[in-house]
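Please keep the sequence and the model in view while reading.

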Amino acid sequence: DYSADGEFGLRDNTNNTYSIGFDIVPNDKVGLGLSYGYEKYEALTTSRTGSPGPQWDDPKRNWNTDSADIVRTFDASLSLLNAIDKTDITLGYSWNRSKTTFDYSLATAFATVQPLPPVLYELGSLNFDIRYNFSRRVTLGVGYWYEQYKVDDFALGTQTLSQLFLP
């Protein structure tokens with residue numbers, strides 16, 4: 001609940017997260033894990049643009065930002081412990097995708113606000129570890145980690161500011 005005393009700032013914020021996952025360990029040598037998550041974040045903020053003077057108290061200069069963010073996550077892992085004599089192998093994969101939108105509205109039409117395109121990002125990572133156990137106290141391991149990151153953000157484009165407002 002947000003106070004009705006203030007006119008500006010965060011007016012509403014709703015967050016929902018759902019996830020499901022499981023781990024299977026059929027024996028002492030094998031482990032498998034899978035999980036999926038869905039997250040949704042929504043917020044509404046109110047503000048005013050004005051200089052000290054008559055603009056300062058002019059409600060026609062109010063504007064709102066309604067934002068939403070949806071995130072999906074998938075994780076998988078496989079562990080082979082001593083499946084090969086004195087050797088442990090671990091393989092993992094993680095994938096994360098997000099879509100964020102920002103919708104602006106004005107109390108009056110000083111300018112026409114163009115809708116912003118959504119911000120999209122995707123992160124995928126793969127990791128592989130292998131460890132050889134010389135004894136209970138000495139282990140030698142090697143690992144490999146690969147990540148791929150993709151982003152499509154209007155703020156990174158060269159024409160962003162020129163497209164926000166129509167003449």
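## Basis of the values

This is a predicted model, in which local features need pLDDT of at least 70 and side-chain atom pairs count only at pLDDT 80 or more, while totals for chains, interfaces and linings use all residues. Residues are numbered from 1 along each chain as its sequence is written, and side-chain values use heavy atoms, leaving out hydrogens and water.

## Fold

Along the sequence the chain reads β-β-β-β-β-β-α, with helices (H or I, at least four residues) and strands (E, at least two) being DSSP runs numbered from the N terminus. Buried residues make up 17% of the 167 residues, where buried means under 20% relative accessible area, exposed over 50% and partly exposed in between.

## Aromatic pairs

Rings of Phe, Tyr and Trp (its six-membered ring) pair if their centres lie within 6.5 Å, and planes under 30 degrees apart count as stacked, over 60 as edge-to-face and the rest as tilted. By this rule there are three aromatic pairs. The rings of Trp63 and Tyr104 have their centres 6.0 Å apart and their planes at 45 degrees, so this pair is tilted. Because Trp63 lies in strand E3 (residues 62–84) and Tyr104 in strand E4, the pair ties together parts that are 41 residues apart in sequence.

Tyr132 and Phe134 form an edge-to-face pair, 4.9 Å centre to centre with 75 degrees between the planes. Tyr132 is partly exposed at 33% relative accessibility, and Phe134 is also partly exposed, at 47%.

Key: Buried < 20%, exposed > 50% of the residue type's maximum accessible area, 1.4 Å probe, protein only.
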